[in-house]
Amino acid sequence: MLRDIIRQISTGRPECGLAGKTVGLVDERSEIAACYRGVPQNDVGPRTDVLDGCPKAEGLLRLLRSMGPQVLATDEIGREEDVLAIEEAVHSGVTLLATAHGRNREELLTRPGLERMLKRKVFQRLVVLSRREGPGTVEGIFDAGGNRLKEGRVWGSWSAQR
């Protein structure tokens, strides 16, 4: 899902009046772009620069300082150094797209770095996914204050809300 979102942000949606944006992707373990000899094997969009095999915190700061992205993306954040790099990026005016693993928002709040970012409202949206009805089940979409905006549908399916 993260790869698809990155691709769509990079490509844009001209039919909706949305231009593509430059994306800086830190792919620490080559799980998103799957680079081979520096070339992404997965489609991450035409305006995406990939920093492959680099620690997240270091990669986020390198991309921020050298590539001028409009959006920074990475997966599985949570370590203290990740949090510091994300805070610097956010204060630079860059939009951030990131994932973090946890059963729910409350579990994320038990991790000090994530707790600090959630309490400071670093993220505008928090999307909670599960496998309850198969991979990509959207359990809820929350705003920065933790208020539920949407709930209960499977990614790609527009079935009735629960």
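Buried, in this talk, means under 20% relative accessible area, exposed means over 50%, and partly exposed is in between, with a 1.4 Å probe and protein chains only. This is a predicted model: local features need pLDDT of at least 70, side-chain atom pairs count only at pLDDT 80 or more, and totals for chains, interfaces and linings use all residues. Residues are numbered from 1 along each chain as its sequence is written, and side-chain values use heavy atoms, with hydrogens and water left out.

I start with helix α1. Helices (H or I, at least four residues) and strands (E, at least two) are DSSP runs, numbered from the N terminus. L2, I6 and S10 are buried in α1. Viewed down the helix axis, the buried residues of α1 fall within an arc of 65°, so they line one face of the helix; the arc is that of the directions from the axis to the C-beta atoms. These buried residues pack against β1 (12-13), β3 (23-27), β6 (48-52), β7 (71-74) and β8 (95-98). After α1 comes G12, with a positive phi near 85°.

Next, the cores. A nonpolar core is a set of buried Ala, Val, Leu, Ile, Met, Phe, Trp, Tyr and Cys residues joined through side-chain atoms within 4.5 Å. The largest one has 23 residues, and L60, L72, I77, I86, M117 and F123 have the most contacts inside it. At least two residues of this core come from each of α2 (56-66), α3 (80-91), α5 (112-119) and β9 (125-130). The most come from α2, which gives five. A second, separate core has eleven residues, including C35, V44, V71 and A73.

Now the charged side chains. How many salt bridges does the structure hold? There are 15 salt bridges, each defined as a side-chain nitrogen of Lys or Arg within 4 Å of a carboxyl oxygen of Asp or Glu. In one of them K56 pairs with E28, the closest N and O atoms being 2.4 Å apart. This pair links distant parts of the chain, with K56 in α2 and E28 in the loop between β3 and β4 (35-36), 28 residues apart. K56 is buried at 4% relative accessible area, while E28 is partly exposed at 22%.

R116 and E80 also form a salt bridge, 2.9 Å from N to O. Here R116 is in α5 and E80 in α3, 36 residues apart. R116 counts as partly exposed at 22% relative accessibility, as does E80 at 35%. Finally, salt bridges with shared partners join E28, R29, E31, K56 and E76 into one network.

Conventions. Contact means heavy atoms within 4.5 Å.
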